[in-house]
Amino acid sequence: MNTLLSLLGLMFVVLFAAPAEAVQPPPPPLAGKAVAVGDFSVVPLLDGVHSFPLSLFQGANQATMLAMAGTSPVPGSFNVFLIKHGQERFLVDAGNGALRPERTGQLPLCLQEAKTAPEEISKIFMTHLHGDHIGGLIKDGNPAFPKAKVYVARAEYDYWMSEEAMGQTPEGRRGLFPMVRSVLRVLDRDKLLVFFAPGEVVSPGITSVALFGHTPGHVGFMLASKDKKLFFVGDLLHAEAVQFARPDITLEFDVDQPLAKETRLNTFKQVAKEAIPIATAHLPFPGIGLVRPEGDGYRFEAFK
Ligand SMILES: [Zn+2]
């Protein structure tokens with residue numbers, strides 16, 4: 001009887017177990033399609049996939065946001081950008097690295113796919129110093145990109161080094177400070193940090209732009225070559241489904257909410273008027289596209 005039951009059980013498994021491999025979606029690409037910007041080429045790299053619960057957003061009630069987005073959490077990712085110019089190789093931000101292993105930190109694999117060795121990267125432009133942007137700078141306690149100068153806005157560095165700023169931060173988020181400092185210490189030790197003030201040219205064709213709000217020294221980088229432009233805007237926004245239509249909606253992690261809102265409104269207005277594509281750190285990969293006016297707000301026309 002027992003044997004018969006086992007046999008029936010086995011038949012059930014054989015007949016009803018779904019063939020797992022048949023329903024798996026293909027894995028997302030590690031490196032996206034290159035975007036030409038004059039003499040430059042920009043390759044989007046997917047450090048990891050991530051989604052944002054609508055409960056992190058403020059400025060409209062949850063029901064309104066859910067009606068706009070149709071779902072929560074909203075899809076997103078960690079996007080890093082490789083800039084190629086002749087033999088030069090730069091990065092905009094560096095992803096999570098080993099700081100947040102659950103978020104994958106697959107930048108090294110992305111670079112392999114883009115046929116770029118870590119030693120080839122000579123400059124890394126930091127939009128700000130949150131963990132999901134600086135984690136990839138360090139590998140086993142040493143710089144992951146040993147030959148790269150790391151460009152950080154002075155105001156951003158000063159903020160994370162400030163005891164006063166740390167004291168004013170809600171307790172639950174205060175732990176970010178020692179984490180950021182541990183990364184800066186390694187870069188400082190190896191004399192890899194380069195400070196700039198927003199507005200300064202960080203490399204020929206690449207100008208830093210103040211986009212304060214998300215963090216006190218958050219910046220963007222405007223790449224311009226031969227009448228073409230691409231604006232790296234970092235964490236200017238996090239949720240496509242709500243923040244284009246309602247740029248006044250802020251994220252809980254925006255350090256200065258009113259300023260983040262004002263910066264987003266001003267930037268959308270400018271890039272929509274001048275038709276400058278933006279490259280974002282958290283919109284679904286590759287996170288590059290045009291901001292188009294729509295109704296009282298905007299919509300995103302993503303590059304495919
Ligand atoms: Zn971020």
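Predicted model: local features only at pLDDT ≥ 70, side-chain atom pairs only at ≥ 80, totals over all residues.
Residues are numbered from 1 along each chain as its sequence is written.

Let us start with the whole chain. The protein chain holds 10 helices and 18 strands; these are DSSP runs numbered from the N terminus, with helices being H or I of at least four residues and strands E of at least two. Of its 304 residues, 40% are buried, meaning that 20 or more other C-beta atoms lie within 10 Å of a residue's own, while exposed means 12 or fewer and partly exposed lies in between, with C-beta atoms placed from the backbone.

Now back to the pair in the opening question. Strand 9 (residues 149-153) runs parallel to strand 10, and the two pair over four bridges; strands count as paired if DSSP finds at least two bridges between them. Both belong to an open sheet of seven strands with mixed pairing, in the order 1-2-4-5-6-9-10. Strand 1 (35-37) and strand 10 (193-196) are at the edges with a single partner strand each, so one side of each has no neighbour in the sheet.

Next comes helix 10 (residues 257-274), whose 18 residues reach 26 Å from first C-alpha to last, close to the 26 Å expected at 1.5 Å a residue; the expected span is 1.5 Å times one less than the number of residues. Its buried residues are Ala-260, Lys-261, Thr-263, Arg-264, Thr-267, Phe-268 and Val-271. They cover an arc of only 165° around the axis, which puts them on the same side of helix 10; the arc is that of the directions from the helix axis to the C-beta atoms. On the other side of helix 10, Pro-258, Asn-266, Lys-273 and Glu-274 are exposed. After the helix comes Ala-275, with a positive phi near 50°.

Among the elements covering the buried residues of helix 10 are strand 14 (228-234), helix 9 (240-243) and strand 18. Leaving aside neighbours within four places in sequence, Arg-299 is in contact with Phe-244, Ala-245, Arg-292 and Glu-294, where contact means C-beta atoms, placed from the backbone, within 7 Å.

Definitions and conventions. Contact = placed C-beta atoms within 7 Å.
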